[in-house]
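Student: Could you walk me through this structure? I am new to it and would like to know where to look.

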Amino acid sequence: MARLRYFDAKEVIRPQERPLVAAHSEFLRTGRIPRERRHWLAEERRYLTHDEVAEKTGRKLQAAGEKTHQHINGFHHSIQFPKLIFHRTLQDSPHLGYCHVTAARTKFADYEDVSWAFYIANFYSDIGDNDNFFQRIDVGYSRMYFAVAMKPGEDSSEKMTIDRSVRGNGLLFRTHDPQAAIRNILLLGARNEQLREIIRQL
């Protein structure tokens with residue numbers, strides 16, 4: 001697959017002027033040679049490096065992670081999550097990436113004690129069952145919120161890895177709806193059934 005190229009698409013703000021007339025027509029009509037910048041050749045596109053694109057993407061992901069963490073911790077004083085924000089961009093598509101927001105432990109359903117992590121991605125995709133975690137990426141949705149079960153990594157290079165023994169692929173939830181995501185996170189963080197019942201009714 002060809003490497004993607006990115007260019008700086010900042011809009012050039014132009015003053016309101018009369019419609020652009022070809023330079024030679026203006027000369028024939030008035031005898032003047034137009035020297036306004038709008039008659040010059042279009043500036044060359046400045047292409048961005050993958051590192052520059054990854055940096056811009058990272059800033060946006062970090063900001064989204066910060067805002068989401070504030071929303072979660074603003075719900076109730078008894079449900080507070082640690083702020084563990086970091087991001088990664090996809091290697092060959094640095095305009096796409098995901099941000100780790102928080103992590104915790106919980107008990108639910110048939111699982112006694114589950115460590116999990118909550119993420120935001122700036123795309124939507126299926127969650128794979130193998131090393132290729134994101135499959136069939138769809139940029140039609142602007143965000144994906146998801147949480148996965150985690151366990152200590154068996155390989156020394158990775159501290160934590162996805163615990164696929166939970167629900168088959170380790171996925172606890174996945175949605176493009178921010179309200180549904182916050183409700184799911186609050187349910188995971190609620191300490192008792194009474195608080196979970198209140199959250200379910202939101």
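Predicted model: local features only at pLDDT ≥ 70, side-chain atom pairs only at ≥ 80, totals over all residues.

Student: Which residues touch the most other members of the largest nonpolar core?

Tutor: A nonpolar core is a set of buried Ala, Val, Leu, Ile, Met, Phe, Trp, Tyr and Cys residues joined through side-chain atoms within 4.5 Å. Buried means under 20% relative accessible area, exposed over 50%, and partly exposed in between, with a 1.4 Å probe and protein chains only. The largest core here has 23 residues, and the two that touch the most other members are Phe118 and Ile185.

Student: Which element gives the most to this core?

Tutor: Helices (H or I, at least four residues) and strands (E, at least two) are DSSP runs, numbered from the N terminus. Those giving two or more residues to the core are strands S5 (111-121), S8 (144-152) and S10 (171-175), along with helices H3 (178-189) and H4 (193-200). With six residues, the top contributor is H3.

Student: How do the rings of Phe81 and Trp116 meet: stacked, tilted or edge-to-face?

Tutor: Rings of Phe, Tyr and Trp (its six-membered ring) pair if their centres lie within 6.5 Å; planes under 30 degrees apart count as stacked, over 60 as edge-to-face and the rest as tilted. The centres of Phe81 and Trp116 are 5.8 Å apart and their planes stand at 65 degrees, so this pair is edge-to-face.

Student: How many residues apart in sequence are the parts that this pair of Phe81 and Trp116 ties together?

Tutor: Phe81 lies in the loop between helix H2 (50-73) and strand S3 (86-90), whereas Trp116 belongs to strand S5. Phe81 is buried, at 6% relative accessible area, and Trp116 is buried as well, at 1%. The pair therefore ties together parts whose separation in sequence is 35 residues.

Student: What about Phe118 and Phe173: what kind of ring pair do they form?

Tutor: Phe118 lies in strand S5 and Phe173 in strand S10, so their pair ties together parts 55 residues apart in sequence. Both residues are buried. Their ring centres are 6.1 Å apart and their planes are at 35 degrees, so the pair is tilted.

Student: Is Arg136 buried or exposed?

Tutor: Arg136 sits in strand S7, residues 134-138. Its phi is near 50 degrees, a positive value in a residue other than glycine. With a relative accessible area of 62%, Arg136 is exposed.

Student: Which residue forms a salt bridge with Arg136, with the closest N and O atoms 2.7 Å apart?

Tutor: A salt bridge is a side-chain nitrogen of Lys or Arg within 4 Å of a carboxyl oxygen of Asp or Glu. The structure holds six of them. The partner in this one lies in strand S6 (residues 124-127), ten residues from Arg136, and is partly exposed at 27%. That partner is Asp126.

Student: Which residues of H4 are buried, and how wide an arc do they cover?

Tutor: The buried residues of H4 are Leu195, Arg196 and Ile199. The arc is that of the directions from the helix axis to the C-beta atoms. These residues lie on the same side of H4, because their arc around the axis is only 100 degrees.

Definitions and conventions: Residues numbered from 1 in each chain as written. Heavy atoms only, no water.
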